[in-house]
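Welcome! Please take a look at the model below, and then we can walk through a few of its features together.

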Amino acid sequence: MLVTVRVLVIEDDAELAEAVAVGLRRESMAVDVALDGRGGLDRALDNGYDVVVLDRDLPGVHGDTICAELVDAGCRSRILMLTAAATSDDLVGGLGLGADDYLPKPFDFPVLVARVAALARRAHPAVPPVLRHADLVVDTARRRAQRAGRVLELTPKEFGVLEVLLAAGGRTVSAEELLERVWDEFADPFTNAVKITVSRLRAKLGDPSPIETVAKAGYRI
């Protein structure tokens with residue numbers, strides 16, 4: 001399993017883009033949306049997305065061009081290309097440009113979710129499905145956390161922060177990294193959301209707190 005997955009949806013159909021974003025967020029993914037090719041390309045190059053869901057037939061900058069430019073730039077994001085065309089030539093063409101997967105429209109949403117999750121696993125190293133530290137156990141597959149056998153009622157952000165910290169294996173994780181991994185692009189970089197979330201998480205974990213603050217560096221378990 002992975003820590004929180006970051007996805008960029010580049011789709012000019014605003015209704016479809018929002019539906020995809022809402023659905024993926026329900027799967028605890030952090031999702032950003034771009035409604036045009038130029039804006040989507042800029043965001044993909046500037047941010048560390050795990051997966052880019054890319055409509056092929058975009059106005060302005062075509063999806064093929066975006067795909068090729070991301071590959072040429074060495075972007076680590078995995079690319080799932082969407083298209084209304086479903087011929088073999090389209091499939092071969094899209095994959096030939098460097099796309100990692102290809103899904104014709106219309107598509108079943110569970111299939112989209114499964115493919116995004118599969119691509120995300122390839123985007124960066126996986127972590128064990130169950131993370132442990134002393135009496136703290138986090139089941140990343142079932143999105144459940146326990147301490148000393150007590151079930152923790154965590155919000156998605158609290159769970160995401162705990163998951164990232166445990167997956168770091170003792171490494172100090174900066175507030176900036178937590179903001180990038182658990183929130184989305186609409187989070188204010190100057191916000192104290194991470195500090196507040198860590199404080200609430202500590203309260204739910206109880207004493208002694210497994211989360212240590214590292215001065216001017218971040219947090220670690």
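At roughly what angle do the axes of α6 and α8 cross? This is a predicted model, where local features need pLDDT of at least 70 and side-chain atom pairs count only at pLDDT 80 or more, while totals for chains, interfaces and linings use all residues. Residues are numbered from 1 along each chain as its sequence is written, and side-chain values use heavy atoms, with hydrogens and water left out.

**Two helices that cross**

The answer is roughly 85°, and the two axes come within 10 Å. α6 is therefore roughly perpendicular to α8 (65 to 115 degrees counts as roughly perpendicular). Axes here are lines fitted to C-alpha atoms, for helices over the stretch in contact, and angles run from 0 to 180 degrees between N-to-C directions. Helices (H or I, at least four residues) and strands (E, at least two) are DSSP runs, numbered from the N terminus.

On the α6 side, Lys 157, Glu 158, Val 161 and Leu 162 meet Thr 197, Val 198, Arg 200, Leu 201, Lys 204 and Leu 205 of α8 (contact means heavy atoms within 4.5 Å). Sorted by class, this contact has five nonpolar, one polar and four charged residues.

**A pocket beside α6 residues**

The second largest pocket holds about 160 Å³ of space. Twelve residues line this pocket, and the closest to its centre are Ser 28, Met 29, Ala 30, Lys 157 and Val 182. β2 (30–34) and α6 (156–167) are the elements that give two or more residues to the lining. The lining divides into six nonpolar, two polar and four charged residues. A pocket is an open set of points on a 1 Å grid, where a 1.4 Å probe fits, with protein on both sides within 12 Å along at least five of seven lines; lining residues have an atom within 4 Å of a point.

Most residues other than glycine have a negative phi, and most peptide bonds are trans.

| Spot | Backbone value | Loop |
|---|---|---|
| Lys 105 to Pro 106 | cis, omega about -10° | Pro 106: between β5 (101–104) and α5 (109–123) |
| Asp 207 to Pro 208 | cis, omega near -5° | Pro 208: between α8 (193–205) and β10 (212–214) |
| Ala 148 | positive phi, about 55° | between β8 (144–147) and β9 (150–151) |
| Lys 216 | positive phi, about 60° | between β10 and β11 (218–220) |

Ala 148 counts as exposed because its relative accessibility is 61% (exposed means over 50% relative accessible area, with a 1.4 Å probe and protein chains only). Lys 216, at 92%, counts as exposed too.

Definitions and conventions: Points joined across faces, edges and corners; volume = space filled by probe spheres on them. Nonpolar A, V, L, I, M, F, W, Y, C, P; charged D, E, K, R; others polar. Buried < 20%, exposed > 50% of the residue type's maximum accessible area, 1.4 Å probe, protein only. Parallel < 35°, antiparallel > 145°, perpendicular 65-115°, else oblique.
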